[in-house]
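Reader: Please take me through the aromatic side chains here.

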Amino acid sequence: MSATVMQLSARMRWAARTQFFASGFIFATWGVHIPTVKAHYGVTEAELGLAMLAAGVGALLGLTQASRWIGRYGARATAGLCGAVYALLLAGLLVMPGYAALLGLLAAFGIVTSVFDVAINTEAAELELRNGHPLMSGMHGMFSLGGMAGAVTGSAALAAGMAPQSHLTLVAVAMALAIVLSAQWMLPREATAFAVGNEGFRLPRGALVILGVLAALGLIAEGAIYDWSVLYLKQELGSPQQQAALAYASFSAAMAATRFGGDAMRARFAPADLLRSSALLAAASMTLVLLTDAPWLALAGFAGVGVGFANVVPILFAASARVPCVEPARGIAAVSAAAYLGFMAGPPVIGFLAEVSSLTAALYVVVAFAVALAASARWSDPA
């Protein structure tokens, strides 16, 4: 391989990593400001859950078009456009004229987020195939690293007294620029368009259904942590918001660290064994979070949950690339679609359960789904 080709390959990998990092940073910024949005619009947990459901419905609509758009335009153009819109919508969270308008904005948020997510995962899958060695865990590690950075900077901005709208606007512009600029170094349109095809959305079948369900289980629980951990520490344990934002940071930092070592772990342990032990750790750590009254212990618990869930997506996405008679990139796109649907479904489910009981009781869903994932781990290897 010539030096020029190697340099281009390295740039493509870093472009994809930047996309994952930006995605995590944007999502963390939304997570940090969920209490801000709740207070600004004066909504209940159920109404907040409905707002998150609007994002989930938008994501479902986006998923029906993601394969078609990527097939027609390639992952580079799709990620660049949808990622930039995803970032810029952050700036509108606190300026909607009312709750109904907020629902519309979050529906649009869900559409572009889901398409962006499928596009960058398709890019990562194709890069992994071209490089001939595991890359997926490291890519998702960048998402978690972005989440940690977004949570920490959000906490710092709140502690410094920065106006929430100023923070949201600054992040929106910076991340949109990062996404658009890095997209220029992604694979050319033909590479990912050919890998995905132009047939539109297709429901997963066979082994992909099982992998999709497992991914949804893990991502429902993970999504609940992303969207509710900050509010949990603030509302249930009485932490100030700048300290509560560290719940997300603790979770994301532990997940990022584990994912950066995840490719080595996947090489050493059988997928089912690694998935089972990881899910049990997540269940035990979340139980600790919900039983303690000490914020510092809850933060440690959230870190344990991050370690537990870190390898769920890389294991299942890698498995989807090995399903017989299915193109690897299409398999990953199908499972990522199911996973993302679970990711968006978790937060509103928690919101509705919190309304009829309490947020603490509702978050036991994370424990239940982690246990279910551990019990089903044997289905994680299609071979």
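Reader: Is F116 buried or exposed?
Author: F116 is buried, with a relative accessible area of 1% (buried means under 20%, exposed over 50%, partly exposed in between, with a 1.4 Å probe and protein chains only). Y86 is likewise buried, at 1%. This is a predicted model, in which local features need pLDDT of at least 70, side-chain atom pairs count only at pLDDT 80 or more, and totals for chains, interfaces and linings use all residues. Residues are numbered from 1 along each chain as its sequence is written, and side-chain values use heavy atoms, without hydrogens and water.

Reader: How many aromatic pairs are there?
Author: The count is five, where rings of Phe, Tyr and Trp (its six-membered ring) pair with centres within 6.5 Å; planes under 30 degrees apart are stacked, over 60 edge-to-face, the rest tilted. One of them is Y86 with F116: the centres are 6.0 Å apart and the planes at 50°, so this pair is tilted.

Reader: What does that pair tie together?
Author: Y86 belongs to helix α3 (residues 45-88) and F116 to helix α4 (residues 99-131), so parts 30 residues apart in sequence are tied together. Helices are DSSP runs (H or I, at least four residues), numbered from the N terminus.

Reader: And Y232 with F302, what geometry?
Author: Their centres lie 6.4 Å apart with planes at 80°, so the pair is edge-to-face. Y232 in helix α8 (residues 207-236) and F302 in helix α12 (residues 295-309) are 70 residues apart, and both are buried.

Reader: Which residues form the aromatic cluster with Y86?
Author: W30, F109 and F116 form one cluster with Y86.

Terms used. Helix = DSSP H or I, 4+ residues; strand = E, 2+ residues; numbered from the N terminus.
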